[in-house]
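Please keep the sequence and the structure at hand while reading.

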Amino acid sequence: MTTAAPSSATPEVLRGHAEHVYAHELTALAGHDTHPRPPMWKLSPRAVLTYLLGGTLPDGTDISPKYVGDRRLMEVAVATLATDRALLLIGVPGTAKSWVSEHLAAAISGDSTLLVQGTAGTDEGAIRYGWNYARLLSEGPSEGALVESPIMFAMREGKLARIEELTRVQSDVQDALITVLSEKTLPIPELRTEVQAVRGFNVIATANNRDKGVNELSSALKRRFNTVVLPVPDTLEDELSIVTRRVEQLGRSLGLPAVPPALEEVRRVVTVFRELRSGLTADGKTKLKSPSGSLSTAEAISVVNQGLTLSVHFGDGVLSARDVASSLVGAVIKDPVQDRAVWNEYLEIAIKKRDGWKEFYTACREES
């Protein structure tokens with residue numbers, strides 16, 4: 001029996017960092033960027049804005065939009081990072097806070113990986129520094145035993161550091177940021193030294209509106225951030241554009257055949273999410289009860305992506321109402337009692353008699 005020789009090809013990562021996936025766009029923007037750049041920035045603020053919102057360069061290079069929404073919000077976010085104040089992006093789940101944070105870091109620093117993931121278990125070491133305890137025991141406190149946090153590394157290199165879900169972090173750990181953001185210095189008392197931030201250093205943090213009251217930021221810490229609130233997409237068309245674009249990108253990364261999604265089915269998913277989120281039908285005539293979940297744009301993307309996967313592997317490759325319903329019901333019904341009642345009522349009073357939605361209604365009923 002013979003066995004195949006192991007492949008020498010490097011496997012593709014499931015999700016590349018923004019600075020790698022969009023390297024061609026960032027290179028093209030840098031080549032045409034004639035505007036002044038703040039110290040250590042890879043692009044000027046104007047070029048960063050073009051990277052975020054999309055456009056066409058003089059040589060015909062298309063820059064894909066990374067954020068669909070209010071231009072002024074992105075202008076404020078970019079301008080904040082050119083000052084000595086940190087940036088805090090706040091919004092309900094699925095409003096692209098992490099996405100915008102990653103792309104800002106990629107465009108400004110060329111590195112989006114200096115990330116602290118905030119949780120209830122995040123300790124001061126993730127914000128400041130830690131120790132290699134084997135070396136600490138053998139050598140005592142030393143530079144060699146020190147383990148840099150992403151924030152300390154960003155300070156040394158003049159880059160942007162990212163903190164996800166800041167309000168998930170315990171309040172006393174949050175406050176370890178105060179000296180970093182106000183003095184631009186990180187003391188290391190064990191070594192009787194400090195790290196001073198190089199020009200170009202700043203912090204982008206994200207926080208979830210639904211976590212309000214969990215670990216509120218102290219007033220001292222709030223003063224050191226400029227807050228930008230990212231809203232849900234204004235219109236159905238904006239949200240539809242976001243969903244279809246991200247589904248296409250995810251399909252490529254998952255190796256799905258390049259089959260365009262059925263736009264009407266995607267529109268139905270987005271419509272359902274928007275109506276249940278707002279508690280009102282699109283025509284404004286019928287009030288609705290909202291389920292317990294957030295029903296974010298990110299969840300709508302997941303519903304469509306899962307439906308497409310079902311259609312490719314177990315159907316005819318065309319997204320159908322049945323494919324959509326299979327994942328949609330699970331996204332809406334988080335509480336098996338309360339949410340199921342809300343969903344069934346919505347189907348009956350809003351969907352059942354809607355023109356062109358009969359197949360969708362039947363599929364959702366069967367899945368429910």
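In this predicted model, glutamate 148 and arginine 156 form a salt bridge, with 2.3 Å between the closest N and O atoms. Glutamate 148 is partly exposed at 33% relative accessibility, and arginine 156 is likewise partly exposed at 33%.

**Salt bridges**

- Side chains of opposite charge can pair when their charged atoms come close.
- Arginine 354 and glutamate 275 meet through their side chains in a salt bridge, at 3.1 Å from N to O.
- Because arginine 354 sits in the loop between α16 (338-351) and α17 (358-367) while glutamate 275 belongs to helix α13 (residues 263-278), this pair ties together parts that are 79 residues apart in sequence.
- The two partners fall into separate accessibility classes: arginine 354 is partly exposed at 22% relative accessibility, whereas glutamate 275 is buried at 3%.
- A salt bridge also joins the side chains of arginine 15 and glutamate 102, with an N to O distance of 2.7 Å.
- Arginine 15 is partly exposed, with a relative accessible area of 48%, whereas glutamate 102 is buried at 6% relative accessibility.
- Arg71, Arg72 and Glu75 are linked with one another in a network of salt bridges.

**Charges over rings**

- Arginine 354, the partner of glutamate 275 in a salt bridge, also lies over the face of tryptophan 357, at 4.8 Å from the ring centre.
- Lysine 66 lies over the face of tyrosine 22, and the distance to the ring centre is 4.9 Å.

**Aromatic pairs**

- Searching the whole structure gives 4 aromatic pairs.
- One of them is formed by tyrosine 129 and tryptophan 131, which are edge-to-face, with 5.8 Å centre to centre and 85 degrees between the planes.
- Both of these residues are buried: tyrosine 129 has 6% relative accessibility, and tryptophan 131 has 15%.
- Tryptophan 357 and phenylalanine 360 also make an edge-to-face pair, because their ring planes stand at 80 degrees, with the ring centres 5.2 Å apart.
- Tryptophan 357 is buried with a relative accessible area of 10%, and phenylalanine 360 is buried with 1%.
- Tryptophan 357 therefore takes part in an edge-to-face pair with phenylalanine 360, while arginine 354 lies over the face of the tryptophan 357 ring.

**Helix α2**

- Which residues of helix α2 (residues 23-32) are buried? They are Glu25, Leu26, Ala28 and Leu29.
- Viewed down the axis of α2, these buried residues fall within an arc of 165 degrees, so they line one face of the helix.
- An α-helix has 3.6 residues a turn, so residues three or four places apart point the same way.
- His24, Thr27 and Gly31 are exposed on the other side of α2.
- The buried residues of α2 pack against α1 (18-21), α3 (45-53), β2 (62-63) and α5 (97-109).

**Threonine 206**

- Threonine 206 is part of strand β10 (residues 202-208).
- Is threonine 206 buried or exposed? Threonine 206 is buried, at a relative accessible area of 0%.
- The side chains of threonine 206 and glutamate 164 are joined by a polar contact of 3.4 Å.
- Leaving out residues up to four places away in sequence, threonine 206 touches Leu88, Leu89, Lys97, Ser98, Ser101, Ile163, Glu164, Glu165 and Leu166.

**Overall figures**

- There are 17 helices and 11 strands in the protein.
- The C-alpha trace spans about 70 × 60 × 55 Å along the principal axes.
- Of the 368 residues in the protein, 45% are buried.
- Among contacts between residues at least 6 apart in sequence, 71% join residues at least 24 apart.

How values were computed:
Residues numbered from 1 in each chain as written. Heavy atoms only, no water. Buried < 20%, exposed > 50% of the residue type's maximum accessible area, 1.4 Å probe, protein only. Helix = DSSP H or I, 4+ residues; strand = E, 2+ residues; numbered from the N terminus. Arc of directions from axis to C-beta. Contact = heavy atoms within 4.5 Å. Phe/Tyr/Trp six-rings, centres within 6.5 Å; stacked < 30°, edge-to-face > 60°. Lys NZ or Arg CZ within 6 Å of the ring centre and 35° of its normal. Salt bridge = Lys/Arg side-chain N within 4 Å of Asp/Glu carboxyl O. Polar contact = N/O pair within 3.5 Å; in protein donor to acceptor, adjacent residues only side chain to side chain.
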